[in-house]
Amino acid sequence: MEIKTLNNKNEMPGLGLGVFRVENDDTAKNAVKHAIVSGYRSIDAALIYGNEEMVGLGIKEGIKAAGISREDLFITSKLWLDDFGRENVAAGYQKSLDNLGLDYLDLYLIHWPGTDETLMVDTWKGMEDLYNAGKVKNIGVSNFNIEHLETLKAQTDIKPVINQVEFHPYLTQEALRDYLSDENIQMESWSPLMNGDILKDETVNRIADELGKSPAQVVIRWNIENNVITIPKSITPSRIEENFDVFNFELTSEQVKAISSLNENKRIGPDPASFNG
């Protein structure tokens, strides 16, 4: 497992399990439990996914089955736009803690920047309050553009440790990646497999055949070699294991370049510049 050091010197696993669009039932519980037993140490959740309760049960059962402690895991959740405003952040955070059955989160993110710049900045100050009070280990953002981050930089004190964004071979976000690298903000990708669409790509499949690996493993490895933390989602035990089995091979520089050249600036999610929930 690759470990990333964040800009506050804390560490985070380079690969985790995403749970977006997973039902709030045994499906979520069993996927999370199986991931932890299979070696995953990072779980990425969010209030708006509506499944924190069963994700929390999966965490609890996974800890027990794997014979590890809570401190061995890195759990993320996200503040939704309904809880924006400095005075609302702590209550939003507590909702996720209660749902998950946890005492703290390792990482708490603002899920989207929204379209009200003043409110976004005010909300980030609430995140800073949580962090300064020692209630959360790390704070970051999700779906922020360079302009959003520059606004935070100019008006707040603590730099986000993470920007979790849409990133895959059809949306390589090079300008944003360069900016995050310069600012020492770790990039993290959500939906790295494009809900499975990228797995049909001819170039990805050719490289997978060359390496004797699955298309999903190739794309996840491409994320890793681009220094991007990634959180592929799966509810299938064999695929959960397969997605984690990416540390025993590397892509050549030519293979990385070939995959990166697939960029079409194509989004499968909303445009952060205009999305407001």
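## Terms and basis

A residue is called buried under 20% relative accessible area, exposed over 50%, and partly exposed in between, using a 1.4 Å probe and protein chains only. The model is predicted: local features need pLDDT of at least 70, side-chain atom pairs count only at pLDDT 80 or more, and totals for chains, interfaces and linings use all residues. Residues are numbered from 1 along each chain as its sequence is written, and side-chain values use heavy atoms, with hydrogens and water left out.

Helices (H or I, at least four residues) and strands (E, at least two) are DSSP runs, numbered from the N terminus.

## Sheet

Eight strands form an open sheet with parallel pairing, in the order S3-S4-S5-S6-S7-S8-S9-S10; two strands are taken to pair if DSSP finds at least two bridges between them. The edges are S3 (17-18) and S10, each of which pairs on one side only. Strand S5 (residues 74-79) runs parallel to S6 (residues 107-110), with four bridges between them, and Thr-76 has Leu-107 of S6 as its bridge partner.

Strand S9 is mostly covered, with five of its five residues buried. Gln-186, Glu-188 and Trp-190 point one way from S9, while Met-187 and Ser-189 point the other way. In a regular strand the side chains alternate between the two faces of the sheet.

On one pairing, S9 runs parallel to S8 (residues 162-166) over five bridges, where Ser-189 is the partner of Val-165. On another, S9 is parallel to S10 (residues 229-230) over two bridges, and Glu-188 stands opposite Ile-229. S8, H6 and S9 make a right-handed β-α-β unit; right-handed means that, with the strands pointing away from the viewer, the path from the first strand over the helix to the second runs clockwise.

## Pockets

A pocket is an open set of points on a 1 Å grid over the protein atoms alone, where a 1.4 Å probe fits and protein lies on both sides within 12 Å along at least five of seven lines; lining residues have an atom within 4 Å of a point. Grid points are joined across faces, edges and corners, and the volume is the space filled by probe spheres set on the points.

The largest pocket holds about 810 Å³. Its lining has 38 residues, and those closest to the centre are Phe-20, Arg-21, Ser-191, Asn-195 and Lys-233. Helices H8 (215-225) and H9 (237-244) are the elements giving two or more residues, and H9 gives the largest share, three. The second largest pocket has about 210 Å³, and the closest to its centre among 14 lining residues are Ser-181, Ile-185, Gln-186, Met-187 and Asn-227. H6 gives the most to this lining, four residues.

## Salt bridges

The whole structure has 13 salt bridges, each a side-chain nitrogen of Lys or Arg within 4 Å of a carboxyl oxygen of Asp or Glu. Asp-83 and Lys-95 meet at 3.0 Å, N to O. This pair links distant parts of the chain, 12 residues apart: Asp-83 lies in the loop between S5 and H3 (89-100), and Lys-95 lies in H3. Asp-83 is buried at 10%, whereas Lys-95 is partly exposed at 37%.

Within H8, Glu-225 and Arg-221 are four residues apart, about one turn of the helix, and their closest N and O atoms are 2.9 Å apart. Glu-225 is partly exposed at 29%, whereas Arg-221 is buried at 10%. Elsewhere, salt bridges that share partners join Asp-26, Lys-29, Lys-33 and Glu-61 into one network.
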